Amino acid sequence: MQTLDQDELTIHIDAPPDAVYDLVADVTRTPEYSPEVSEAKWVTGARGPVAGARFRATNTSGKFSWHNTPIVTAAEHGREFTFARTEPFCGTVQWRYRFEPEAGGTRVTESYLLIRPITRIGWVIVSGFGTDKDRRRTMHEDILTSLERLRAIAERESSA
């Protein structure tokens with residue numbers, strides 16, 4: 001069985017913290033930079049990033065797609081955006097973005113923390129029925145890809 005606990009990566013983006021936060025906290029834009037999220041929309045009357053708001057995400061990895069409904073746990077404009085998703089058998093994972101002013105731009109840290117462990121059955125699902133032999137590495141690479149794409153979008157939009 002694989003293990004998964006936490007990971008984080010940091011990148012510098014030449015755009016102000018508020019602008020980068022606005023991009024991340026608008027979950028409908030997540031598919032623009034996330035390699036796995038193919039759709040996201042606010043649900044149950046939520047219209048934006050506030051603690052307690054929920055959104056529905058569709059994730060796609062290889063041939064597999066699945067839905068989850070994360071809840072926003074922190075929404076501090078320009079500083080932090082955090083949400084957690086709980087799925088049957090697949091535990092609870094908290095995703096966190098921190099934004100810090102740095103050298104005229106923003107130091108962005110994306111991380112995840114496994115709060116409730118994934119069950120053995122969950123690992124079969126999470127690994128795409130054995131097609132993803134190293135989910136930890138895949139998620140690490142996906143964070144790096146997300147941050148690089150986020151930088152490209154934020155820098156393009158802030159220079160426009």
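**Reading the core and its strands**

Guide: Welcome! Of the 35 residues in the largest nonpolar core, those touching the most other members are Ile 13, Val 20, Phe 55, Phe 81, Phe 99, Val 108 and Leu 150. H3 gives the most to this core, six residues. This is a predicted model, where local features need pLDDT of at least 70 and side-chain atom pairs count only at pLDDT 80 or more, while totals for chains, interfaces and linings use all residues. Residues are numbered from 1 along each chain as its sequence is written, and side-chain values use heavy atoms, leaving out hydrogens and water.

Visitor: What makes a set of residues a nonpolar core?

Guide: Its members are buried Ala, Val, Leu, Ile, Met, Phe, Trp, Tyr and Cys residues joined through side-chain atoms within 4.5 Å.

Visitor: Why is Asp 142 called buried?

Guide: Buried means under 20% relative accessible area, exposed over 50%, partly exposed in between (1.4 Å probe, protein chains only). Asp 142 has 18%, so it is buried. Asp 142 sits in helix H3 (residues 135-159); helices (H or I, at least four residues) and strands (E, at least two) are DSSP runs, numbered from the N terminus.

Visitor: Which residues is Leu 150 in contact with, leaving aside its neighbours within four places in sequence?

Guide: Ile 13, Val 20, Leu 23, Val 24, Tyr 33 and Val 108; contact means heavy atoms within 4.5 Å.

Visitor: How do you know that E6 and E7 pair?

Guide: Pairing takes at least two bridges found by DSSP between two strands. Strands E6 (residues 80-87) and E7 (residues 91-102) have eight, in the antiparallel sense, so they pair.
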